[in-house]
Amino acid sequence: QLDETIRTLTEERNLSTAILGSMVEGVAVVNGSERLLFANQGFAEILNLKFPPKSGSALVEIVRQTELIEAVRHVLHGESRVESEIVTGTLRQKYFAATVASVRAGDTLGAVVVLHDITELRRLERVRRDFVANVSHEFRTPLTAIQGFAETLLAGAIDDAQNRVRFLEIILAHARRLARLTEDLLRLSQMDSDRLELETDEISV
């Protein structure tokens with residue numbers, strides 16, 4: 001029975017190690033003394049460690065990200081869960097969402113660290129901000145022209161037979177420009193909607 005129990009526990013440990021080792025996310029376990037008990041390959045790769053950290057190594061000797069160390073310390077001092085964001089690299093920065101949760105085995109308190117790559121999410125957010133800024137600029141120019149010439153006409157230029165037609169033509173040209181911009185935005189929205197539907201169908205298949 002003892003042999004069977006040991007064999008079962010060994011198989012479970014090997015299975016857990018294999019699963020954690022194959023994960024893309026970085027996973028690490030830290031004890032109450034801020035020493036690393038376990039770290040998978042993903043954790044080492046994310047933090048650009050030249051070699052897998054040894055069990056028992058001090059966290060501050062391995063991790064250079066202050067935000068992550070502080071998150072671990074908050075959990076070890078009583079918080080159940082802390083979420084943070086860390087940035088690695090200089091020329092090609094990568095962004096990771098760090099989740100640190102407390103874990104207790106008997107009277108022993110520790111922390112589990114999970115690092116999830118959100119670089120693509122941050123890139124898309126930056127693209128969206130740039131897109132909104134560009135669209136706002138494209139709309140602001142014709143709107144300013146329409147408002148300016150309309151105010152000029154209302155201020156008395158409508159009685160100026162020589163200029164009022166030219167002003168109205170300018171207003172019309174900018175209104176048509178706004179209409180084209182709106183059509184382009186609607187077309188982009190429809191293309192994005194079609195792409196999402198296609199990806200959903202592929203996932204379902």
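Guide: Accessible areas here come from the Shrake-Rupley method with a 1.4 Å probe, and for residues only the protein chains shown count as cover. This is a predicted model, in which local features need pLDDT of at least 70 and side-chain atom pairs count only at pLDDT 80 or more, while totals for chains, interfaces and linings use all residues. Residues are numbered from 1 along each chain as its sequence is written, and side-chain values use heavy atoms, with hydrogens and water left out.

Visitor: What share of the accessible surface of the protein belongs to carbon and sulfur atoms?

Guide: The accessible surface of the protein is about 14,500 Å². The part of it that belongs to carbon and sulfur atoms is 56%.

Visitor: In what order do the elements run from the N terminus?

Guide: Helices (H or I, at least four residues) and strands (E, at least two) are DSSP runs, numbered from the N terminus. The protein has 6 helices and 5 strands. Their order is α-β-β-α-α-α-β-β-β-α-α.

Visitor: How far apart are the end C-alpha atoms of helix 5?

Guide: The expected span of a helix is 1.5 Å times one less than its number of residues. Helix 5 covers residues 119–154, which is 36 residues, so it should span 52 Å. The distance between its end C-alpha atoms agrees with this: 52 Å.

Visitor: Which residues of helix 5 are buried?

Guide: Buried means under 20% relative accessible area, exposed over 50%, and partly exposed in between (1.4 Å probe, protein chains only). Of the 205 residues of the protein, 23% are buried. In helix 5, the buried residues are Thr119, Pro142, Ala145, Ile146 and Leu153.

Visitor: Is Gln65 buried or exposed?

Guide: Gln65 sits in the loop between helix 3 (59–62) and helix 4 (66–76). Leaving out residues up to four places away in sequence, Gln65 has contacts (heavy atoms within 4.5 Å) with Leu47, Ile86, Val87 and Thr88. Its relative accessible area is 13%, so Gln65 is buried.

Visitor: By what part of a helical turn are Arg73 and Glu70 separated?

Guide: Arg73 and Glu70 form a salt bridge, with their closest N and O atoms 3.7 Å apart. Glu34, Glu70 and Arg73 are linked in a network of salt bridges. Because Arg73 and Glu70 are 3 residues apart in helix 4, their separation is about one helical turn.

Visitor: What is the area of the nonpolar surface patch made by Phe131, Val132, Leu188 and Met191?

Guide: Patches are made of residues with over 30% relative accessible area and no salt bridge; like charges are joined within 9 Å, and nonpolar side chains (Val, Leu, Ile, Met, Phe, Trp, Tyr) within 5 Å. Helix 5 and helix 6 (164–204) each supply at least two residues of the nonpolar patch. Met191, in helix 6, is exposed at 53% relative accessible area. The patch area is about 380 Å².

Terms used: Salt bridge = Lys/Arg side-chain N within 4 Å of Asp/Glu carboxyl O.
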